[in-house]
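Take a look at the structure first.

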Amino acid sequence: MGNIPHHFLGYWGYGAQHQLQALLTDVLEDLSLGRREAFLPSTTGKGGLGLVFTDDLSQSQQENHLFPVWNVVYIGLDRNYSPLKNQIAGVSASGIFSSPDAWVSLEENNCLILGREPFGKMPLYWTVQGQVIWFATQLKLLLPILQQPDVSIPGLYGYSCFSYVPTPLTPVTGVFAVPAGTELIWRDGLRSGFGDSPTETLRDRNFNIFQTPKSKNINSWRQAPQQLTDEATAIEELQVLLKNSIEQQIADLSDEPVGVFLSGGLDSSVVAALLVQAGVKVRAYTLDFGNAGIPEYPYAEQVAQFLKIPLVKVAAKPNDIKNALIPTVEALDLPFGDGVCVPLYLLSQRASQETQIIFNGEGGDQLFAGWTNKPLIAAGVYQSENPAGEETFIQQYLRTFHRLWGYESQVYQPEIYAEIENLHPEDWLLTALDATECPSLLHRLRRASLMLKGAQNIHPRASALGLANGLWVRSPFCNLDLAHWTFALSGELCLQGACEKYILKRVVENWLPPEIVWRQKRGMGVPLTSWCLNDFWHQIGVWLNPEILRANNHFDPHIATQIVDGKLGAAIQGRRIGEILWLLIMWQLWRSQFLNENFSKQSWNHPFWLPRWLWRNYKRWQA
């Protein structure tokens with residue numbers, strides 16, 4: 001497997017080629033990229049022009065910009081790669097380029113297409129500047145193109161509801177994301193006979209070529225009309241699908257060992273078992289949070305011993321987390337507020353010392369209805385019996401994100417609150433929870449989980465963290481044949497009584513220790529609240545300083561104090577305290593890193609400069 005570029009930046013549209021090329025060069029210089037790290041693909045032809053080369057145009061046509069021009073620069077280390085038919089750019093998070101994860105194509109009649117595969121492993125962003133569309137696989141590659149990058153209020157609000165920015169929004173005004181499983185199509189609008197006059201320009205026709213792009217859905221998670229109910233048949237078919245998925249992802253491997261992130265949960269253990277069965281040399285990596293939280297690594301140790309593979313424990317203690325915070329924010333590119341991000345960065349960093357390819361178990365929860373679906377199923381049953389209840393089902397689903405939805409009047413400054421009052425986060429969930437695609441409640445929840453928590457959060461952040469550390473990231477559960485098969489699986493085979501992922505457990509019960517297969521899963525216990533209320537107590541006063549928050553003009557300046565005092569809301573207690581603080585911390589660090597905001601002035605009007613025990617005593621005395 002040859003090295004494949006990690007990211008690309010390019011443009012398509014009407015303008016002076018030399019000016020656009022100069023801007024592209026300036027962006028690369030701003031990013032401090034040397035010649036060896038950025039290069040033009042050899043397939044673009046003379047000067048990077050696309051469908052019509054400069055040499056083939058008359059002088060007047062060049063000056064009047066009657067034909068679109070394009071160019072692409074790859075950010076990577078190796079230029080030995082050929083795009084697929086009609087593609088001018090494409091990248092793959094896995095390093096398997098026969099199936100790109102994000103791509104740019106040029107079709108006949110000057111048609112631009114930006115596309116992404118359905119699992120959302122690689123992002124793709126775009127912005128319109130004048131008569132030119134700029135596109136890139138990293139948001140930060142587009143920021144120098146903008147006159148003045150500014151925070152998108154809808155993007156900020158979406159982030160505060162979900163811990164990620166929902167597509168097609170981004171955190172920056174005027175920059176948009178291509179949704180997973182979608183192609184966006186622009187046609188340049190040249191009418192018949194346009195350009196016949198040597199002096200005719202776009203301005204003469206007063207014609208804007210960039211209307212809203214046409215959106216083409218290239219995949220739909222849809223419930224199959226016939227549902228498989230026979231357990232023996234399901235077991236046999238699922239075994240074949242799992243093994244086929246692994247075979248496809250190891251076909252290019254040499255004898256070098258690969259890594260697998262092993263939490264000791266079912267999904268990552270299944271992937272490790274499949275790799276061992278396929279004869280691949282495997283080295284497993286697991287997190288060690290020390291004495292804080294509920295340790296997961298004893299389960300990972302049990303799996304590694306059973307499979308006879310080496311296991312590397314990666315320390316994720318408070319000091320490790322603090323040191324890796326900024327590198328994680330830079331690697332993620334977008335703000336992601338989940339506490340698992342920095343520990344996963346540490347795992348990727350350690351694995352990259354010994355391998356180029358990492359496997360994970362991401363996607364298993366979405367395919368097989370993991371444990372988070374139980375409360376939603378209960379809510380769905382309640383909703384059907386009590387249709388006039390206080391909350392709609394879609395609002396119940398919003399609540400499962402456990403973020404700041406419902407607390408808007410308390411967490412935002414008045415001007416921002418006035419803006420977001422007209423925004424409805426339910427709208428960002430409507431397509432995913434479409435009952436016409438999946439009449440069955442369980443399939444609908446699985447569809448939503450694939451489109452929201454999977455494609456907009458789990459997979460893009462896993463790819464970003466891996467690629468930043470030089471790793472190709474492979475997720476065997478992200479397999480179209482396997483995923484579509486699960487939509488023909490009866491609900492009883494996914495969730496049997498209180499047992500989630502029932503059919504997957506039946507398939508692998510002889511591949512792994514029974515206590516691993518049948519234990520109840522509760523998600524990775526990142527001890528955020530412990531860290532925030534102890535190890536990071538003083539640092540919170542810096543990260544979420546009231547003076548900086550006031551200057552940002554978005555969040556209430558004293559929101560961190562409200563949270564630790566338990567005044568924000570009854571539901572924000574225990575582990576939720578750390579989750580909400582972390583959400584805010586990651587947003588503020590993203591702002592400072594990517595929008596180049598430097599606020600030297602800080603306020604001491606907060607409790608975090610005092611030792612926490614002293615603050616608690618002071619609060620008792622006040623009461």
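Helix α4 passes helix α25 in a right-handed crossing: the near helix is turned clockwise from the far one by less than a right angle. Helices here are DSSP runs of H or I with at least four residues, strands are runs of E with at least two, and both are numbered from the N terminus.

The model is predicted, so local features need pLDDT of at least 70 and side-chain atom pairs pLDDT 80 or more, while totals for chains, interfaces and linings use all residues. Residues are numbered from 1 along each chain as its sequence is written, and side-chain values use heavy atoms, without hydrogens and water.

The axes of α4 and α25 lie 10 Å apart, at an angle of about 150°. Axes are lines fitted to C-alpha atoms, for helices over the stretch in contact, and angles run from 0 to 180 degrees between N-to-C directions. The two helices are therefore roughly antiparallel, a term for angles over 145 degrees.

Contact means heavy atoms within 4.5 Å. L156, Y159 and S160 of α4 meet L583, M586 and W587 of α25. Five of these contact residues are nonpolar, one is polar and none is charged.

Five strands form an open, antiparallel sheet in the order β4-β5-β6-β10-β11. Strands pair if DSSP finds at least two bridges between them. Each edge strand pairs on one side only:

| Edge strand | Residues |
|---|---|
| β4 | 87–91 |
| β11 | 214–217 |

The twist averages 15° from one strand to the next. Inside the order, β5 (residues 102–107) and β6 (residues 111–116) pair over six bridges. L106 stands opposite L112 in β6.

Notes: Parallel < 35°, antiparallel > 145°, perpendicular 65-115°, else oblique. Nonpolar A, V, L, I, M, F, W, Y, C, P; charged D, E, K, R; others polar.
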